[in-house]
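Visitor: I have a model open and would like to understand the labels on it. Could you take me through how they are reached?

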Amino acid sequence: MAASSSDSEQFQYIISGPSPVQARPAGVIAGINYQSDPSKVILCLWAPGKSSAYVFGDFSNWQVLPANLMKRDGEYFWIELTGLTSGVEYGYQYLLNETVKLADPFADKILDPDDQFINAETYPGLKSYPPQALNTQWYFNRVSVFQTGQAAYPWVVTNFSKPAKPTLIIYELLIRDLFENGKRNYQNLIDTIGYFKRLGVNAVQLMPIMEFNGNESWGYNPTFMFAPDKYYGTKNKLKEFIDKCHQNGIAVILDIAMNHQDLPNSFILQDLDPVTGGPAASNRWFNQTARHPFNVFFDMNHESAYTKKYLDTVNYYWLNEYKIDGFRFDLSKGFTQTNNPN
């Protein structure tokens, strides 16, 4: 008698349908809306011109489920998730119009496959990238994270008095280049504050630390503007560095790239031209063709109300959530829609 064998194959078929229209609860804004009950969270995606959105992730075993079809309120999609465990990190993505997978553009933590190269000394207990989230299209491989029940960072200095501009003595630095490999993190930066003081420095300017592609970068290829890149450490270590600088009379300035963004920025992905691999003509935040000759990556449309709202939110977030003292805007001469090709 011949030996028998069996095999199986699984697939998921999503029947297209629009999200039901329902107003958001009062106070819900784009991004992660934590509730007083740590078993719940409200997620809200800003996606103008789209008809449907699902959320899926660790809480759904990475399956796109009918129960997680989000409700639509004008340009926003939202959903309340329940049954969550306080203190547990949940990875998640959105499925937009049944075709585009993207991370939450307002999340403060983003996972990507390059995380495997971040050492445990720099980022203890870093959540592993979920293998179920891997896609053949590389730009769908970013995962946002929420965590209910987080304790707020205990700021020591809440009313720092910034040095007057004419008195600023600024030390600009790239964490990657200041320390040797394996030591490029906020803890070593904290341990260097005494050196800054001995130099007479009263302001430290960090080259861009927002989530960027790859691990070793100058940071001028940003992808998610609300998430500190994990290659340098945790968000609370960044806050600790800022807090300890303030305790020592040192201001902290962020170098920030707002002329452009890089894939897989979620607002580029929302309206992506599959032929060029760049923004489509319908994109509300980005130009198809850069409006000035100095541009790198994907040029933002600074006359768009969508871009203005996005960048105002970015500025507000870093000033308030991280108590930074100011910005150095990279390539500010590019904040224009007046085409100057030469």
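Guide: Gladly! The expected span of a helix is 1.5 Å times one less than its number of residues. Keep in mind that this is a predicted model.

Visitor: How do you know that helix α4 has the span expected of it?

Guide: Helix α4, residues 235-247, has 13 residues and reaches 18 Å from its first C-alpha to its last. The expected value is also given as 18 Å, so the span is close to expectation.

Visitor: What makes a residue of α4 count as buried, and which ones are?

Guide: Buried means under 20% relative accessible area. Leu238, Lys239, Glu240, Phe241, Ile242, Asp243, Cys245 and His246 are the buried residues of α4, so each of them falls under that cut-off. Their cover includes α2, α3, β11, β13, β14 and α6. After α4 comes Gly249, with a positive phi near 75 degrees.

Visitor: Why is strand β5 called mostly covered?

Guide: Five of the six residues in β5 (76-81) are buried, which means that those five are under 20% relative accessible area.

Visitor: Why are β2 and β5 said to pair?

Guide: Pairing takes at least two bridges. β2 (41-46) and β5 share six, in the antiparallel sense, so they pair. Cys44 stands opposite Trp78 there.

Visitor: How do you know that β4 and β5 pair?

Guide: β4 (71-73) and β5 have three antiparallel bridges, and at least two are needed, so they pair as well. Asp73 has Tyr76 of β5 as its bridge partner. Two residues lie between the strands of this hairpin, where Gly74 takes a positive phi near 65 degrees.

Terms used. Residues numbered from 1 in each chain as written. Predicted model: local features only at pLDDT ≥ 70, side-chain atom pairs only at ≥ 80, totals over all residues. Heavy atoms only, no water. Helix = DSSP H or I, 4+ residues; strand = E, 2+ residues; numbered from the N terminus. Buried < 20%, exposed > 50% of the residue type's maximum accessible area, 1.4 Å probe, protein only. Contact = heavy atoms within 4.5 Å.
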